[in-house]
Structure formats: structure tokens, C-alpha cells
Amino acid sequence: MASLDNLVVTTALPSIREDLGGGLSDLEWTVSAYTLAFAVLLMFGAALGDRFGRRRIFLVGLTLFTVGSAAAALSPDIGSLIAARAVQGAGAAVSMPLTLTLLTAAVPAAKRGLAFGIWAGVNGLAVATGPLVGGTLTEHFSWQWIFWVNVPVGLVLVPLSALKLRESRGASPALDVAGTVLVSLGLFGVVLGLIRGNPNGWTSPLVLGSLIAGVALLTAFVLYEQRWAKHPMLPMRLFRSRAFSAVNASGLLMFLGMFGSIFLISQHLQTVGGYSPQEAGIRMLPWTGMPLIVAPIAGILADRFGGRPIVVTGLLLQGAGLAMYAAITGGTTGYDYGAEIPAVVICGIGMSLYFAPTAALVMDSVRPEEQGIASGANNALREVGGALGVAVLSAVFSAQGGYTSEQSFVDGLVPALYVGAGVVVVAAVCAMLLPRKARPAAAEPVDATEAAANKADKADKAVAAADAEQPAAEPVPAEASKV
């Protein structure tokens with residue numbers, strides 16, 4: 001539900017405008033309000049779960065998302081819809097990063113590769129098929145059903161989650177309020193600037209001010225977490241782990257190339273191919289449906305051979321598929337869907353191979369008590385990458401082409417896809433830096449006094465344990481005692 005609603009509303013925008021009114025900016029905010037709230041609050045949701053209980057906060061987020069979905073379906077005007085979309089995004093942000101930690105606790109270590117592969121396959125499928133689901137429901141029912149469909153699912157999941165999931169918490173005993181505020185406001189500024197870059201212009205005061213303020217606040221967050229935070233929400237030492245840094249860098253770049261490309265290719269099918277939203281979504285299935293088939297298999301292969309070769313292969317295939325789509329589109333006259341099928345299939349296989357082991361790589365790169373915040377950081381960086389991808393590839397598209405004619409659209413699409421392919425190949429280079437076996441980042445060093453106290457405490461515990469294992473002494477006779 002959380003991933004599907006990233007793009008599910010895009011194909012319903014004409015119907016929403018017809019029913020609720022509003023200008024182009026209002027319609028853009030029905031998409032952006034969700035993305036903005038989702039990206040900004042991801043790390044906050046993970047921190048809340050670590051502090052107050054992951055199952056408890058997951059239930060809060062799931063309930064909030066379900067309520068927001070119902071409010072969106074019942075919206076009487078465009079302003080109410082935008083507000084409801086923000087509530088949905090907040091609920092998704094609170095619950096999404098906790099799914100991996102809850103899954104880790106629920107599945108034995110030997111089967112986590114397969115479980116994470118299924119999780120990644122469903123997640124990738126939901127992101128990519130959002131336009132298809134939205135277009136189909138809008139075409140055959142009404143736009144309200146793209147939100148109503150979440151409500152019964154949420155009503156079933158809340159009691160099931162309360163009954164079946166085990167509670168767990170992170171290591172930090174206190175919520176890092178200052179760090180939470182800095183990172184949330186920083187992400188808000190960066191994502192807002194990226195979202196509004198193309199509509200408002202990259203030199204507009206809103207965009208420049210948002211980006212500058214966001215970068216400054218994120219820099220302040222890093223400095224605060226390193227120097228002054230007693231219980232940091234995101235320990236900077238995690239990035240000393242080559243595995244954690246490499247998997248997050250490759251994730252941000254992968255989403256940059258993939259999100260921006262899907263955004264443009266789905267429009268290519270409709271603008272140049274002449275398909276309806278539903279027909280365009282169906283023709284994307286060789287790409288978007290592939291994770292259901294490949295991701296579980298890739299998870300098993302990752303358990304056997306390690307995640308690095310699977311992730312690198314997936315990213316290289318994704319880049320090759322995007323470059324092939326661009327080459328075929330630029331080298332043919334008119335539109336030929338059959339010629340594009342091999343490129344779409346290669347993209348689907350590559351995306352599936354990437355998604356399957358990534359969750360396990362993130363979880364294995366940190367200690368168990370830090371998995372919640374690691375998941376939140378990974379999801380936040382990928383969401384920022386997705387927003388950046390739509391903005392960057394749209395800017396390349398606008399600089400080289402446009403919507404004035406089919407040829408103009410192709411003129412903009414081809415270089416944008418080559419940029420997307422190049423970014424994904426760079427992501428593959430980052431993934432090559434992954435170690436063969438991820439090692440959690442070492443704990444922060446302690447001072448000499450604390451180290452000595454810890455050592456003495458461990459020695460006392462060892463002596464106590466040894467004494468406990470010794471058999472009880474025979475009672476001493478009274479005469480011997482007197483002697």
C-alpha cells in the first residue's frame with residue numbers, strides 16, 4: 001500500500017480535476033504532498049519505533065495510512081485531497097521502515113534472503129504498477145477507488161499485526177529530538193526544492209531557498225550527530241561500514257535512474273504510442289511484473305552466493321535495458337512496441353535482481369538493535385533519489401524536447417534515458433565496493449574509565465557465573481568447624 005500510492009494518483013489526475021477543480025499546481029501537489037511527507041518522516045518513524053516499540057508504531061502508521069486513504073476518497077475539494085495525501089504519506093513513512101525490522105524478527109536467518117526477496121519484489125512491483133492500478137480503477141470505477149481499495153486491507157492488517165507480530169525496540173533509550181528536527185526539516189527543504197524545480201523553475205526563490213536551507217540543515221544534522229548527540233538517531237559511524245555506505249549510495253542512484261525513466265517511459269507509451277493509461281500499464285508488465293517471478297529466485301541465489309554479485313548484475317542489466325530502450329526509440333520511425341519488449345524485459349530482470357538482496361544487505365551491515373534506523377535511512381535516501389530522478393531526467397527531457405509533437409517527445413526522451421542508464425551504471429560501480437560479507441559497524445569507542453569499569457563488570461559476571469556452576473560444598477561437621 002505504501003509503495004503503490006507513490007504513483008497511483010498520476011493517471012487519475014484528469015478525472016480528479018474534472019470532479020474537484022483546481023489548477024495544474026494543485027494537481028501536482030496531490031502527487032507531491034504524499035512524496036514530501038513520506039520522504040521527510042521516514043527517519044522519524046524509524047526513530048519512534050526504536051524508542052517506543054516497533055510493532056506499536058507500525059500499528060500507528062498503518063492506522064494513520066488507512067484513515068488518510070478514507071479521507072482522500074471522501075475529499076469534497078482539491079485542498080482536502082492534498083491534506084489527506086499528506087496524512088497518507090505520514091502514515092506510510094511511520095510504518096514503512098519498520099517492516100524490515102519486523103520481518104527480520106519473524107523469519108529465521110537461513111530464510112531471510114528468500115523473505116527479503118519476496119518483500120523487495122512486492123515493493124518494486126507496487127512502485128512500478130502504481131500508474132496501471134490507478135488508471136484501471138479510474139477507467140472502470142472512479143478515481144475515489146484508488147484510495148478506497150486501501151481501507152479494507154488496512155482494516156484486516158491492523159488486528160492481524162497486533163496478534164502476530166512480536167514487539168522489539170532499538171538500543172537508544174531516548175528520542176534524539178534535535179537530530180530528528182534537523183533531519184526532518186533538512187529533507188523537507190531538499191525534497192521540496194526537487195519537486196518544485198521543474199514547475200517553478202530552478203532559479204526561483206522557493207526552489208533555491210529550499211535547496212540551500214535543506215543542505216545547510218542536513219549538514220548541521222551530520223555535525224550534531226557526530227559531536228553533540230548523546231543518543232544519535234543516525235550514528236554517523238554506520239557510514240564507516242563499507243557495506244552500509246555502498247548499499248545506500250547504490251540505492252540512491254538506482255532510484256534516480258529508474259524512477260525518472262519510468263516516469264518518462266509511461267508517458268511515451270501514451271503520448272507517442274497512443275495507448276490509454278490502462279493499456280500503457282499493461283504494456284509495462286514485462287518490466288513491472290518481473291519482480292514477482294525473479295525476486296524470490298534472486299533472494300535464494302543471494303543466500304547461496306552473497307548479495308554483491310546479484311546486485312551488481314541487476315544494476316548492469318537495468319542500465320543496459322534503459323540504454324537499449326533509448327537506442328531503439330531513437331533509431332526507429334513511429335512507434336513499435338514489439339521492438340521495445342527485449343529492453344523492457346531486461347529492465348525488469350535487472351530491477352528484480354537489485355531489489356531482492358538489497359534489504360538483506362542493509363540489515364546485515366548494522367547491529368540488530370540499529371536495523372530500524374538503518375532501514376529508515378535507506379528508504380529516505382531512495383525516496384530522495386526518486387524525487388531527484390524525476391526532476392533531473394525531466395530537466396534533460398525539457399532541454400532537448402517537449403510535448404509539442406511526437407518527434408519532439410522522442411527528442412527529449414532519448415537523451416534523458418541515456419542519462420538514467422549512466423546513473424544506474426554508476427550505481428553498479430558503487431555496489432562493486434560491497435564486501436563479500438557485510439560486517440556491522442563497530443560500536444563507538446569509550447573512554448578509559450568506562451572501559452575499565454566495563455572490564456571489571458565483565459570479570460565480576462564471569463566469576464559469578466563460574467561460582468554458580470561449581471557444585472555445592474559438603475556441609476562441615478561441627479567438630480571440624482571448632483578445630
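A crossing of two helices is called left-handed if the near helix is turned anticlockwise from the far one by less than a right angle, and right-handed if clockwise. With that in mind I looked up α11 and α15, and their crossing is left-handed.

I noted that this is a predicted model, in which local features need pLDDT of at least 70 and side-chain atom pairs count only at pLDDT 80 or more, while totals for chains, interfaces and linings use all residues. Residues are numbered from 1 along each chain as its sequence is written, and side-chain values use heavy atoms, with hydrogens and water left out.

Of the 483 residues in the chain, 52% are buried, meaning under 20% relative accessible area with a 1.4 Å probe, protein chains only.

Returning to the pair, I read that α11 (residues 242-271) and α15 (residues 307-331) pack at an angle of about 30 degrees, their axes 11 Å apart. That makes α11 roughly parallel to α15, a term for angles under 35 degrees. Among the residues of α11 that meet α15 I listed Met 254, Gly 257 and Met 258, and on the side of α15 they include Leu 315 and Leu 322.

Lastly I checked Leu 125, which lies in helix α5 (residues 112-128) and is buried, with a relative accessible area of 17%. Leaving aside neighbours within four places in sequence, Leu 125 is in contact (heavy atoms within 4.5 Å) with Thr 288, Gly 289, Pro 291 and Leu 292.

Note on methods:
Axes are lines fitted to C-alpha atoms, for helices over the stretch in contact, and angles run from 0 to 180 degrees between N-to-C directions. Helices (H or I, at least four residues) and strands (E, at least two) are DSSP runs, numbered from the N terminus. Angles under 35 degrees count as roughly parallel, over 145 as roughly antiparallel, 65 to 115 as roughly perpendicular and the rest as oblique. Buried means under 20% relative accessible area, exposed over 50%, partly exposed in between (1.4 Å probe, protein chains only).
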